[in-house]
Amino acid sequence: MMHVCVSVAEATLGEVVKAIQSAQQMGADLAEVRFDRMERLPEDLSPLKNIDIPKIATLRSKTHGGEWDGGVEAKVRFLRRAIRAGFELIDIEDDSPLMQTRNRELRGADHIISHHDLITTPSTSKIIELMLHGSAVGGLPKGAFTVNTVTDLHNLVTAGKLLAMTNRRFILLGMGELGEVTRLRHQRMGSYLTYASLNPGKETAPGQLDVATMKSMEKGIIVGIAGNPLDHSYSPAMHQSAFAHLGIAGRYLRFPTAENEVEMLMENMRDLEINGMNVTIPHKESIMEYLDKVDDAAQKVGAVNVVVNREGRLIGRNTDVSGLAQAFQAAGADVEGKRSLIIGAGGAARACAAFLQGAGAALTITNRTHARAEKMARDFSGHAVKLEEAKSGEFEVIVNCTPIGMEGFPSELPIAPEVFRPGQVVMDVIYNPEITPFLAEARARGAKTILGKEMLIYQAMDAFEAWTGQRPPYEVMDKAIRAEQ
Ligand code: NAP
């Protein structure tokens, strides 16, 4: 069971009481009152006496991300009153002078010994040292660390795993967007509880979710995307919309991942029970060695764009291939026996070759680096030609699989326009912009065109289905893309 502590930051005691009552109705198991966030410290704490979930009194110092800048004596006086008013737990920062005197001065409640790193996450051994110290002095240790990278996340998860072996209670969580997964999967982290805000917008720490979302995620699905950069990806919007439309409790998270962090992220997937992952540039190939199985389609392409976590076994798939197949099918374009040209020899081109070969088309490949076109031709029983030669060929299907024409790249054609003919089927895998110069020119010359967005949507629908067992409507994903444009 999730153990959710709502962290309440309200200006007055009346609002604090109301907030805790609402949080209780939403399923909160504990309440932390952030007294440092109140207009002034209340004289009379008796309105809180009737609240029947455990309460934590916190006067978070400015140096720990809070608002309290009063002296130690004022803090002690107030925390004593909180204990008398029935607070079961009080929060003491691990570098506070109160660490020396707390056992004498703050009897009658348990002590959370909290450590906050507002900048970064230290090494696993340092996290363990900090937490064991809190435990050794008889408190409930709490560590909240800012997670900036997948390495930070891995350090934190590993520390949680090792600390869990000690059978001691601790609270461990990550702050920031990359820390969100540690809050959602707090039990997998070994953490005694997870914090939540009352409502969206009422967060008391970066990466905190509201209590209703947290509770709804008790059995929720977590998926995400690994790659670098991820800023322009439509995948978070598409999948989050699909979760909402189908009424599935789910979160889609971004995991900006460096080359040396792919293995760590896969370990995190197993440890935190992250259900699925999209994989994008530059990891589609390198990720394969860290998976338990790679399905036949992905083997054939030599790239994985989707990872599915089946009870700890990570399975690599390639829904770019099935996405392309559905894009052609939706356009009513049958490629069997058709002379087809692929421009490019990278990951998208290989997915396209796998689809066209599987569908019985005759393959010609052209690429800036000819040796790569030749390699691809061998792998997919095709024929490699130089760009100059390709432009005078007679093709019934042409697919651009280079980034030429994509936003941020020169607005040019990847091949001379003479290659286009009326009646051809021409696709560009680029989806940003929707109509590339390549597609505009093909249309102007009478070709039938298929947008890269079609592939993007169908590959996402297949991925979502692989993760959740449910298929989202095309229109929901399309609308999500439009909202992002
Ligand atoms: P990739 O593996 O890096 O391959 C890029 C290919 O484009 C290579 O063949 C490369 O040639 C060629 N290329 C790159 N810059 C070039 C230039 N300036 N002039 C000529 N050729 C150039 O990339 P990828 O994963 O295949 O992605 C390619 C495109 O497909 C991207 O725009 C991506 O957004 C898009 N895509 C779309 C979808 C979708 O769902 N619609 C899915 C995947 C990818 P060399 O071999 O000579 O380097």
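Where does the ligand sit? In this predicted model, the ligand sits in the largest pocket. A pocket here is an open set of points on a 1 Å grid over the protein atoms alone, with protein on both sides within 12 Å along at least five of seven lines; sitting in it takes more than half of the molecule's atoms within 2 Å of its grid points.

Residues are numbered from 1 along each chain, and side-chain values use heavy atoms, without hydrogens and water. Local features need pLDDT of at least 70 and side-chain atom pairs pLDDT 80 or more, while totals for chains, interfaces and linings use all residues.

So who's around the ligand? 23 residues surround the ligand (a heavy atom within 4 Å), and Ala 345 and Thr 369 are among the closest. Helix α17 (452–468) gives the largest share of that shell, three residues, and α13 (347–358) supplies at least two. Helices are DSSP runs of H or I, at least four residues, and strands are E runs of at least two.

Here are some polar contacts (N or O pairs within 3.5 Å):

| Residue | Part | Ligand atom | Distance |
|---|---|---|---|
| Asn 367 | side chain | oxygen | 2.7 Å |
| Arg 368 | side chain | oxygen | 2.9 Å |
| Gly 452 | backbone | nitrogen | 3.0 Å |

Taken alone, the ligand exposes 920 Å² (Shrake-Rupley, 1.4 Å probe), and the protein buries 79% of that.

Now for strand β8 (residues 194–197). Thr 194 and Ala 196 on one side are buried (under 20% relative accessible area), as are Tyr 195 and Ser 197 on the other. Strand β8 pairs in parallel with β1 over three bridges (pairing takes at least two), with Cys 5 opposite Tyr 195.

Technical notes. Buried means under 20% relative accessible area, exposed over 50%, partly exposed in between (1.4 Å probe, protein chains only). A polar contact is a pair of N or O atoms within 3.5 Å; within protein, one must be able to donate a hydrogen and the other to accept it, and residues adjacent in sequence count only if both atoms are side-chain atoms. On a 1 Å grid over the protein atoms alone, a cavity is a set of points where a 1.4 Å probe fits but cannot get out, and a pocket is an open set with protein on both sides within 12 Å along at least five of seven lines; lining residues have an atom within 4 Å of a point.
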